Amino acid sequence: MKKIICMIIILIVMLSYYFIQKDLTHPEQKGEQSEPISTVTETLTPSDTFVEKRSSFVYKGKSIQYMLIFPANYTKTENQWPLIFFLHGSSLRGENLDFVKEYGPTWIAEQRTDFPFVVLAPQCPEGDDWVNKSDILIALLDDVFKKYRIDQNRVYLTGVSLGGRGAWSLASHYPEYFAALAPLAAASQSIPTDWNKKLLTIPVWAFHGENDPIVPLKNDEAFLDALRKQGGTPRFTILPGQGHNIAGVYKNQELYDWFLSNTRQP
């Protein structure tokens, strides 16, 4: 009996040695077998109200913090949800995520129990500009797609002032991601000489205050006229008597109905 036990022990040791040597001599095989799963859905705790999540995202050594707001019904269904990607204006830049709830879809999402969107709102660092962040913003969006139940055919991009210009920039670099675009009081931007053809097919609803002293109305008019000449069909609403602060547009139910009337085109 003792001999049998000894033989078993020797056999186990020999097999262990064999597999250790195999891993040492062929490490690439181990790496190939341990590739991460591409999609990991995160589960939220059921709630009778909205669910707010705060986090930071790192891409190519750079970090950006962001907020996600989920409607209560997200936690009670297995459905995929439309998403609003919101870029704030220059006054909300910094390191305090509470700033991004001062106005916009983030504020609306926490006031309305029936709000039918997930809202993604990153925060631009102080002194920075959204136009420099297209790559990390789209990488963040891809990460959100992996973790949560988002309908990728109903992703709507919007922003105010600095965020309006950022929305134009992000849509021009990655138009294939978005079902519709709504820039508000978009800060001055150069008019492209050669428009991205895919961008021209995205439904656009732009807003601007008639008496905007910071970003003159004529700048946005020239930009949208150029878009039309290239084949785009933007909708443009000029708000009579209003200045630069037109974030009240986000209280308009018609905007959200318009978002939902659009789905991403192949």
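Here is a short tour of the nonpolar cores and then the salt bridges. Keep in mind that this is a predicted model. Its largest nonpolar core has 48 residues, and the structure holds eleven salt bridges.

**Nonpolar cores**

- Within the largest core, the residues with the most contacts are L83, F85, L120, L141, L157 and F178.
- Several elements give two or more residues to this core, including strands β1 (51–59), β3 (81–87) and β5 (150–160), and helices α4 (134–147) and α6 (217–229).
- The biggest giver is α4, with eight residues.
- Leaving aside residues up to four places away in sequence, L157 touches F85, L87, A167, L170, A171, F178, A180, L181 and A182.
- Another core of 32 residues lies apart from the largest one, and I69, F117, A179 and L184 are among its members.

**Salt bridges**

- R54 pairs with D98, and their closest N and O atoms are 2.5 Å apart.
- This pair links distant parts of the chain, 44 residues apart: R54 sits in strand β1, while D98 is in the loop between β3 and α3 (105–109).
- R54 is partly exposed at 40% relative accessible area, and D98 is partly exposed at 40% too.
- D151 and R154 form a salt bridge with closest N and O atoms 2.8 Å apart; D151 is buried at 15%, whereas R154 is partly exposed at 23%.
- In helix α6, R228 and D225 meet in a salt bridge of 2.9 Å, N to O; they are three residues apart, so about one helical turn separates them.
- Salt bridges with shared partners join E52, R54, D98, K101 and E110 into one network.

Notes. Residues numbered from 1 in each chain as written. Predicted model: local features only at pLDDT ≥ 70, side-chain atom pairs only at ≥ 80, totals over all residues. Heavy atoms only, no water. Core = buried A, V, L, I, M, F, W, Y, C linked by side-chain atoms within 4.5 Å. Buried < 20%, exposed > 50% of the residue type's maximum accessible area, 1.4 Å probe, protein only. Helix = DSSP H or I, 4+ residues; strand = E, 2+ residues; numbered from the N terminus. Contact = heavy atoms within 4.5 Å. Salt bridge = Lys/Arg side-chain N within 4 Å of Asp/Glu carboxyl O.
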